[in-house]
Amino acid sequence: MLMEAHSSREAPEAFRLRQAEAADFEGLRSLWALFEGTTMTGVDSPGGFGLFLGRNPGMSFVAVESEGDRSERCRIVGSVLGGHDARRGYVYHLAVHPDFQDLGIARRLMELVESAFSEAGLEKAHLFVYTDNPAIGFYERIGWHLRSDIHVMSKLLDGDADPAHPPPEAGERGHAGSNTERGRS
Ligand SMILES: CC(C)(COP(=O)(O)OP(=O)(O)OC[C@H]1O[C@@H](n2cnc3c(N)ncnc32)[C@H](O)[C@@H]1OP(=O)(O)O)[C@@H](O)C(=O)NCCC(=O)NCCS
């Protein structure tokens, strides 16, 4: 599936939106590595990514530069991963390359994943966002609402959790990808 999309601004760059493919993983990892707010975990591996796409077909999307030969694999400049458990949809790894922000790419990506959820019969979707991430303003702008009635509870299932040593508080945490509570959200 290919979706044409061009910026309404005067920006010289244009982009295309399409479904994510397993072969996109390296390009996606390069994109995600730009943002501390995009937590990389053990499932962010080529195998884990392929498994995620296989379990949630047609729910993850990328934005690619539209320049160049379309037979080539163009640079990935935006992403969103959608998954579901047959009850709720979940959104992961929304990101847009800084050079391509404010062009409406994230809005379009979210529209695609929300439509995919609706077509699958899902009535509601959730996402996780760190409390200090400015992206909250974006999500509110496109109609998501911040919950004040729910806490997220988490548990590492590999025996790594040590109740005597709770995870560090904000400010002491490592960056995304480190082996902290935040890095393994
Ligand atoms: C958040 C992010 C995905 C937005 O991407 P984007 O492509 O620049 O967003 P869009 O251009 O689609 O913005 C759509 C609208 O939201 C607004 N918006 C964008 N970021 C916003 C923010 N941080 N706060 C408030 N509004 C915001 C835009 O101004 C635009 O408003 P409009 O309706 O008047 O046009 C991008 O800033 C990003 O990649 N951030 C880093 C990664 C990240 O933290 N992702 C979230 C992980 S949970």
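The following dialogue considers how the features of a predicted model may be read.

Biologist: How should I read the sides of a helix, and which residues of α2 are buried?

Modeller: The general idea comes first. An α-helix has 3.6 residues a turn, so residues three or four places apart point the same way. Now the case here. In α2, the buried residues are F49, F52 and L53. They lie on the same side of α2 because they cover an arc of only 95 degrees around the axis. G47, G54 and R55 are exposed, on the face turned away from that buried side.

Biologist: What do the buried residues of α2 pack against?

Modeller: They pack against α1 and β4, the latter being residues 76-84.

Biologist: Turning to a loop, where does T38 lie, and why is T38 classed as buried?

Modeller: T38 belongs to the loop between α1 (25-32) and α2 (46-55). A residue counts as buried if 20 or more other C-beta atoms lie within 10 Å of its own. T38 has 20 such atoms within 10 Å and is therefore buried. The C-alpha atoms of T38 and Y130 are separated by 9.5 Å, although these residues are 92 apart along the chain.

Biologist: How do I read the strands, and in which sense do β2 and β3 pair?

Modeller: As a general idea, side chains in a regular strand alternate between the two faces of the sheet. For the pairing itself, one follows the bridges. β2 and β3 are antiparallel, with five bridges, and R16 stands opposite V64 in β3. β3 also pairs with β4 in the antiparallel sense, over four bridges; here V62 has S79 as its bridge partner. Four of the five residues of β3 are buried, so this strand is mostly covered.

Biologist: Which strands does β5 pair with, and in what sense?

Modeller: β5 runs antiparallel to β4, and six bridges join the two. H84 has G89 of β5 as its bridge partner. These two strands form a hairpin with four residues between them, and A86 in the turn has a positive phi of about 75 degrees. With β6 (residues 125-127), β5 pairs in the parallel sense over three bridges; Y90 is partnered there by H126. β5, residues 89-96, is mostly covered, with six of its eight residues buried.

Biologist: What unit do β5, α3 and β6 make?

Modeller: They make a right-handed β-α-β unit, in which α3 comprises residues 105-119.

Biologist: Finally, how many residues has the largest nonpolar core, and which elements supply it?

Modeller: That core has 31 residues; F61, A63, V77, V80, I105, L109 and V113 have the most contacts inside it. At least two residues come from each of β2 (15-19), α1, α2, β3 (61-65), β4, β5 and α3. The largest share, eight residues, is from α3.

Biologist: Which residues is V113 in contact with, leaving aside its neighbours within four places in sequence?

Modeller: V113 is in contact with M59, F61, V80, G82 and V91. Among them, F61 and V80 are also listed with V113 as residues with the most contacts inside the core.

How values were computed:
Residues are numbered from 1 along each chain as its sequence is written. This is a predicted model: local features need pLDDT of at least 70, side-chain atom pairs count only at pLDDT 80 or more; totals for chains, interfaces and linings use all residues. A residue is buried if 20 or more other C-beta atoms lie within 10 Å of its own, exposed if 12 or fewer, and partly exposed in between; C-beta atoms are placed from the backbone. The arc is that of the directions from the helix axis to the C-beta atoms. Two residues are in contact if their C-beta atoms, placed from the backbone, lie within 7 Å. Two strands pair if DSSP finds at least two bridges between them. A crossover is right-handed if, with the strands pointing away from the viewer, the path from the first strand over the helix to the second runs clockwise. A nonpolar core is a set of buried Ala, Val, Leu, Ile, Met, Phe, Trp, Tyr and Cys residues joined through C-beta atoms within 7 Å.
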